[in-house]
Amino acid sequence: MSEGCVRVAVRIRPLLPKEVLHRHRVCVRVVPGTGQVMVGEDRLFYFDNAFGPSVSQDEVYESCVHRLVERLVDGENATVFCYGQTGSGKTYTLGGRSQDEEGGIIDRAAQDLFIYLAEKTKESDVVDVTVKVSYIEVYKEELRDLLQLQTTHKELLIREDERGNTVVVGAKEVVITSAEELLSIVEMGNALRHTSTTGMNERSSRSHTILTLQVVLSCHNSKNSSFKSVHSSKLCLVDLAGSERAGKTGNTGTQLKESAHINTGLFALGNVIRALSDQSRNRHSNNSGSAHVPYRDAKITRLLRDSLGGSAHTLMVACVSPSHHFVAETLGVLQFASTAR
Ligand code: ADP
Ligand code: MG
């Protein structure tokens with residue numbers, strides 16, 4: 001199995017109609033033909049991919065997510081997460097809403113997955129293929145099952161099985177057989193995500209969600225056909241809490257506590273990603289000293305442990321607004337994203 005890696009893409013959304021109306025100026029641009037992003041006249045940042053406001057959902061998917069779906073079918077784990085301030089396009093980029101004609105990463109990944117699996121089952125040694133979905137929210141360092149209405153307050157426990165796979169004990173897994181089924185499940189989960197709160201953007205800016213697609217392939221054992229071998233791999237699609245929560249001070253009471261919890265998650269994820277990219281740099285320079293990867297620091301990093309680092313492939317999509325109005329937050333996000341490479 002090949003070594004995984006961390007790739008970072010930036011996506012700049014278009015100005016929204018109301019921003020145009022209020023005469024926001026565009027001050028974040030892609031340097032054409034490069035992975036570079038320029039803020040103002042002189043701040044340059046480097047990434048693996050940089051997508052400007054006219055880049056379609058399809059181009060984003062094809063240039064950095066497509067290959068992860070191919071690897072998933074070949075038995076490798078991968079994670080895609082969207083990072084950025086509230087309103088920067090994280091949820092738009094991930095997609096998963098059936099009323100959305102263009103469709104985002106979730107829609108396209110699901111469609112491709114079932115096409116590849118149909119091809120895979122034609123291989124002579126494949127006996128059976130199962131795709132399972134789980135959908136979990138992390139809010140204030142607590143897990144909530146978005147696929148299980150009655151037991152949302154039941155405790156979910158993160159454990160590691162004997163093969164080193166992360167499992168969430170008590171989480172519902174739904175077997176799906178088509179991309180359409182996945183979309184309706186995601187929609188149900190999203191509805192549940194919003195039931196307990198007044199404003200939906202309020203909560204989604206404060207919680208992380210993890211949609212996991214697990215592929216289980218049973219194959220005939222090549223040496224003894226009466227034995228089956230089972231391969232399992234997964235793709236985690238993660239919508240992170242708004243980055244503006246990461247460093248805010250001046251909040252009081254519950255808000256303070258809440259933003260400390262959100263801090264924990266984003267901060268820990270930043271540390272894990274940085275440790276992983278140090279590791280991969282060391283590998284390339286033949287320096288075998290492997291840095292400690294602090295997975296245990298937060299729920300989100302514990303959940304993603306088997307899908308970040310090791311042989312897993314990681315893609316961060318940093319989402320930003322082009323508006324001069326948010327330039328301070330945008331610089332923070334680009335800084336965070338460029339140190340992850
Ligand atoms: P977030 O999830 O980061 O809070 P959203 O995905 O909800 O942000 O996006 C905020 C708004 O911007 C939504 O109205 C969304 O439709 C719009 N938007 C985001 N990215 C794009 C894009 N690339 N093209 C067109 N509209 C976008
Ligand atoms: Mg969102």
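**Exercises on a predicted model**

Helix α2 (residues 57–73) bends by about 55° at Val 65. Here the bend is the angle between axes fitted to the seven residues ending at a residue and the seven starting there. Helices (H or I, at least four residues) and strands (E, at least two) are DSSP runs, numbered from the N terminus.

This is a predicted model: local features need pLDDT of at least 70, side-chain atom pairs count only at pLDDT 80 or more, and totals for chains, interfaces and linings use all residues. Residues are numbered from 1 along each chain as its sequence is written, while chains are lettered from A and ligands numbered from 1 in the order in which they are written.

**Exercise 1.** Find which residues of α2 are buried.

*Solution.* Start with the cut-offs: buried takes 20 or more other C-beta atoms within 10 Å of a residue's own, exposed 12 or fewer, partly exposed in between, with C-beta atoms placed from the backbone. In α2, Val 60, Tyr 61, Cys 64, Val 65, Leu 68, Val 69, Arg 71 and Leu 72 pass. Then look past the helix. Gly 75 follows α2 and has a positive phi, near 100°.

**Exercise 2.** Decide whether Ile 12 is buried or exposed.

*Solution.* First place the residue: Ile 12 is in strand β1 (residues 6–12). Next, count. Ile 12 has 24 C-beta neighbours inside 10 Å, so Ile 12 is buried. Last, list contacts (C-beta atoms, placed from the backbone, within 7 Å). Beyond four places in sequence, Ile 12 touches Val 28, Val 30, Phe 51, Gly 52, Pro 53, Val 320 and Pro 322.

How values were computed
Contact = placed C-beta atoms within 7 Å.
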